[in-house]
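We will go from stop to stop, selecting a few residues at a time.

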Amino acid sequence: MKFLRVLLLLFVVSVQAQQGGMWIPSLLKGMNEKEMKSLGMKMSASDIYDVNKSSLKDAVPHFNGGCTSEVISPKGLLLTNHHCGFDEIQSHSSLENDYITDGFWAMKMEDELPNKDLVVTFIVKIEDVTTQVLEGTQGLSEADKQKKIQQNISSLSSSLPKESWQENKIRTFYDGNQYMLFLTETYKDVRLVGAPPSSVGKFGSDTDNWVWPRHTGDFSLFRIYADKNNRPAEYSKDNVPYTPKHFLPISLDGVAEDDFTLVFGYPGRTSEYLPAVAIEQIVKELNPAKVEIRDRALKVADGFMRKDKAIKIQYASKYASIANYWKKWMGETQGLIKSNAVAVKKQQEKAFQEKVVKSGKQAEYGNLLSDFESNYNEILPYALSRDYFMETVLRNTEMLSLAYKMYQLEQIYNLRGEQSFNDRRNNLVEGLGAFYKDFNAKVDEKVFEQLIDLYATKSPKQFLPQSLNNIDASKLATEVYGQSRLTTYDGVKELLKGDSKTVLENLNNDKGFQVVKAMADIFVKEVNPKYEEINLKITALQRTYMKAQLELNKDSRIFPDANSTLRVTYGKVKGYEPKDATLYTPVTYLDGVMEKYIPGDYEFDVPAKLIDLYKKKDYGQYGEKGKMPVCFIGTNHTTGGNSGSPALDAKGNLIGLNFDRVWEGTMSDIYYDPAICRNIMVDMRYVLFIIDKYAGAKNLIDEMKLVHPKKKK
């Protein structure tokens, strides 16, 4: 649809340049380029994205599908967040080699550690394929339209030109009003190079998560390896360091308030154009339920982790993963309330309705808001029940999530027969060793006890299995974990031994499986189908609503929601006022680390060597006026997936590493408020200081290109 491209390029630029939005890098020329230059950018749009010559996009790969990373040397050295590389750091750790606690540094390439299944993906080019994707969809029902779109996407992905090592990926924008093709290259040999101790990389841990002021050195280093032709290849000792099309020089000049910042990365998901009724449900119903579930799970795990180092290693990554969105949802809810987002949306909807009438589009758009209201009211009990099931069974109680895999195995037998059953059973048995390595039945039993109690008392009653009515959660937990064979790897292998009839009979006699089957039967048969049915209607409404927004607000800045594709967001280094009489400045220093220091504490301990460097003020070339900068904040519009994103200066030099947002502004996924929405970045000088002065890994520093862009030549 050509009008969408025109809208993106020709929106009126306001006198005061705007800083919100997540923009498609191939469409920056025009309004975005003017805005960025008005904020202080010294580059051109083609310096950021270009197909015919190297550009910034060539240095910013997607890190394992969930984070962002950047190439910082001509030898494929890769920088991302500590929390993005944490699974790999943990997988190489043991009581003998505790890289989580002590850190890891490869002083030569032979010491770098391979990581099974870790990949990074580069974008080669981006093209609009809206017309081809929507071909033949006119006049179809919503379900048939979505089916035809998926057929077209599949056909285009396989037929459009690409090299054998490349992949075509098509993603939707503006809720199905635009489709873009991403030609990608995925590298599969990515090795761990360096990671600071958790007392640096996770300093402040869960207490400081989503909080400013922040003092976390949230970074880790990897290296991309390729075959002799510099192309993607599976791990091999014969592979060589990847030679990038572009790598990022690193600025030693730091930042000052109002400096231009550009963050390049892969934001996961936002919902900036939800109607007021949807936001109200999030604030009052859905977020509080999920927060309560995770709160209970985290308290159990925390109690065990503080007492047992082996459990701490087992559960460190899992705990951090659960805690991340637990705290985010709390901040999001508070931010939506503080910024009065529901009322603002209602005002916008009133103005929208007036525009619909004025444009004579009542027949097409006049019922959108009332249809949203009725559909969201109808979906609420199903959405709430779905969240309770997913949070209890699939995300936070490990034995229940495993039992659900067994439930799916039974469904596969019923739907596809013996061969499919055997294939899945064999894959399960083979893959569960890693699961049990980090599983502790005592911890999980207490999590189960807490969450099954919530499920039985607070999830919508009409979808509660009879077997969970009026239960004694403690007694049930003792029975399940005392009797179920799902609590050990040997027990599972025994359960899955024999022909399909024997396996299914054994499973249905297992106490853990019985609990999940009762819950899953209702979820699969009553909750999820109805949820999907209503959600399909909401999806169609949202697409039409987005189309109407684009048509009726042609002088507005309308950016597409995040969908894990490469985006640019720009802004400035800026402090903020979170509440009355409280003003946050935009930069933190190592002094703040020492102020928070609690000897021996798992969140706020500080390594002895770092204390010594601080006392001596031994900051090398990385300090600033006798102080060591650690983190800074800016007005860049980021979300999950932007973890590890490079923060660049006006000339495209690396100045920081994005890793978080401030708590008051986490609602930016739904409603961006420039007054309080801030992203948090590690200052690159602190990263270099830790690598050089703390770790002594000068071999890595020597690979990088360090520059002074602010100094006059």
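## Stop 1

You are looking at a predicted model.

Helix α7 covers residues 142-159, and helix α21 covers residues 511-552. Their axes lie 10 Å apart and the packing angle is about 75°. Angles from 65 to 115 degrees count as roughly perpendicular, so that is how α7 and α21 stand to each other.

## Stop 2: along α21

Stay on helix α21 and select I522. Is I522 buried or exposed? Its relative accessibility is 14%, so I522 counts as buried. Show what surrounds it. Beyond its neighbours within four places in sequence, I522 is in contact with F463, L464, P465 and V527.

Move on to K530 and E533. They form a salt bridge, and the closest N and O atoms are 3.3 Å apart. Why are they about one helical turn apart? K530 and E533 sit 3 residues apart in helix α21, which means a separation of about one helical turn. Side chains of opposite charge can pair when their charged atoms come close. K530 has 24% relative accessibility, so it counts as partly exposed. E533 is at 37%, so it is partly exposed too.

One more distance starts from here. Select M546 and K284: their C-alpha atoms are separated by 25 Å, while the two residues are 262 apart along the chain.

## Stop 3

K284 belongs to helix α10, residues 276-305. Its relative accessible area is 57%, so K284 is exposed.

Now select D302 and R306. Their side chains meet in a salt bridge, 3.1 Å from N to O. Compare the two partners. D302 has 18% relative accessibility, so it counts as buried. R306 has 49%, so it counts as partly exposed.

## Stop 4

How many salt bridges does a search of the whole structure find? The search finds 47. Pick K57 and D58. This salt bridge has its closest N and O atoms 2.7 Å apart, and both K57 and D58 are buried. Then select K328, E332, R661 and D669 together. These four are linked in a network of salt bridges.

Go on to D673, in the loop between β21 (654-661) and β22 (679-683). D673 is buried, yet it has no salt bridge. Which side chain of opposite charge is nearest to D673? The answer is R678, 7.4 Å away. A salt bridge needs the nitrogen and oxygen within 4 Å. Leaving out residues up to four places away in sequence, D673 touches S339 and M667.

## Stop 5

Select helix α23 (residues 608-616) and helix α24 (residues 684-694). They pack at an angle of about 105°, and their axes are 11 Å apart. The angle therefore makes α23 roughly perpendicular to α24. On the α23 side, the contact is made by K609, L610 and L613. On the α24 side, pick Y686, F689, I690, K693 and Y694. The contact of α23 with α24 has 6 nonpolar residues, no polar ones and 2 charged ones.

## Stop 3: backbone details in loops

Switch to the backbone. Select W212 and P213. A cis peptide bond joins them, with omega about 5°. P213 is in the loop between α9 (205-208) and β11 (220-226).

Next is N64, in the loop between β1 (62-63) and β2 (67-68). N64 is not a glycine, but its phi is positive, near 55°. Its relative accessibility is 36%, so N64 counts as partly exposed.

Finish at D258, in the loop between β13 (250-251) and β14 (260-265). D258 has a positive phi of about 80°, although it is not a glycine. D258 has a relative accessible area of 36%, so it is partly exposed.

Key
Residues numbered from 1 in each chain as written. Predicted model: local features only at pLDDT ≥ 70, side-chain atom pairs only at ≥ 80, totals over all residues. Heavy atoms only, no water. Axes fitted to C-alpha atoms, helices over the stretch in contact; angles between N-to-C directions. Helix = DSSP H or I, 4+ residues; strand = E, 2+ residues; numbered from the N terminus. Parallel < 35°, antiparallel > 145°, perpendicular 65-115°, else oblique. Buried < 20%, exposed > 50% of the residue type's maximum accessible area, 1.4 Å probe, protein only. Lys, Arg positive; Asp, Glu negative; His and termini not counted. Contact = heavy atoms within 4.5 Å. Nonpolar A, V, L, I, M, F, W, Y, C, P; charged D, E, K, R; others polar.
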